Amino acid sequence: MTSNTVLCLGGGGCMHRRVLIISSHDKGKELLVELLTAYDFVYITSVKRGDEARRVLNEKIFELVIINAPLADEFGDELALMAAEISSSGVILIVKSEIMDDIAVKVEDCGVLVLPKPISRQLFFQALKLAAATQRRLMGLKDENTKLQKRIEEIRLVDRAKCALIQYLNFTEPQAHRYIEKQAMDRRVSKREIAEGILNTYEC
């Protein structure tokens, strides 16, 4: 069963920083909620099992994922790796101190932060800051990649439009280039829009 708790603290409004807690033990979940409450404004979703977590992770975006291992249906390290792989979330995996080093070797290269039990408030807050920094960096990289992909797609469309002008109107490549740039400037639209219009005309 998935549960949701909205926590709005301090003098301001509610900041929708989404956190997913996966913990098969209620006491562990309650402690994590308490610690998160002391740290910041958060919107918390909690589940008890790995299969529930996978479903929720595929449906929603979270800034932070916290796994209190072991879970009822799996340990939790594979889930942590999956969360780090499919999203830009900061991921914290909490395990018994005696196995922390072994687990860390398996997951830290993928950006998962591993904390020992019992949970130290100081270490937990440090991990939250690191996870937030990691999440911001990944989101920045994602935004840069999205912009780059759009730029590459525009270049390809413009090149195709140039080829159409060369083929159907006997333009030279410089003429086609100048034509697209001038149309975009005169009409105050992007070169992509001009290219799409040309392709709609000549490639239908």
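## Basis of the model

The structure is a predicted model, in which local features need pLDDT of at least 70 and side-chain atom pairs count only at pLDDT 80 or more, while totals for chains, interfaces and linings use all residues. Residues are numbered from 1 along each chain as its sequence is written, and side-chain values use heavy atoms, with hydrogens and water left out.

## Overall layout

The protein chain contains seven helices and six strands, where helices (H or I, at least four residues) and strands (E, at least two) are DSSP runs numbered from the N terminus. Read from the N terminus on, the elements follow the order β-β-α-β-α-β-α-β-α-β-α-α-α.

Of the 204 residues in the protein chain, 37% are buried. Here buried means under 20% relative accessible area, exposed means over 50%, and partly exposed lies in between, with a 1.4 Å probe and protein chains only; the areas come from the Shrake-Rupley method, and for residues only the protein chains shown count as cover.

Helix α4 has I103, A104 and V107 as its buried residues. They lie on the same side of α4 because they cover an arc of only 105 degrees around the axis, the arc being that of the directions from the helix axis to the C-beta atoms. The face turned away from this buried side carries the exposed residues D101, D102 and V105.

On the surface, D101, D102, E108 and D109 gather in a patch of negative charge. Patches are made of residues with over 30% relative accessible area and no salt bridge, with like charges joined within 9 Å and nonpolar side chains (Val, Leu, Ile, Met, Phe, Trp, Tyr) within 5 Å. Asp and Glu count as negative and Lys and Arg as positive, whereas His and the chain ends are not counted; the place of a charge is taken as NZ of Lys, CZ of Arg, CG of Asp or CD of Glu.

## Loops and backbone details

The loop between β4 (64–68) and α3 (77–86) holds L71, which is buried at a relative accessible area of 8%. Although L71 and S23 are 48 residues apart along the chain, their C-alpha atoms are separated by 6.3 Å.

Two residues other than glycine have a positive phi, namely N170 at about 60 degrees and R188 near 55 degrees. N170 is in the loop between α5 and α6 (173–187) and counts as exposed at 65% relative accessibility. R188 lies in the loop between α6 and α7 (191–202) and counts as exposed at 79% relative accessibility.

## Salt bridges

Side chains of opposite charge can pair when their charged atoms come close. A search of the whole structure finds 13 salt bridges, each defined as a side-chain nitrogen of Lys or Arg within 4 Å of a carboxyl oxygen of Asp or Glu. In one of them, D73 pairs with R49, and the closest N and O atoms are 3.8 Å apart. D73 lies in the loop between β4 and α3 and R49 in the loop between β3 (42–47) and α2 (50–59), so the pair ties together parts that are 24 residues apart in sequence. D73 is partly exposed at 31%, as is R49 at 34%.

R192 forms a salt bridge with E153, with the closest N and O atoms 2.9 Å apart. This pair links distant parts of the chain, since R192 is in helix α7 and E153 in helix α5, 39 residues apart. R192 also forms a salt bridge with E196, with the closest N and O atoms 3.2 Å apart; E196 and R192 are four residues apart in helix α7 and are therefore separated by about one helical turn. Salt bridges that share partners also join R49, D51 and D73 into one network.

How values were computed
Accessible areas come from the Shrake-Rupley method with a 1.4 Å probe; for residues, only the protein chains shown count as cover.
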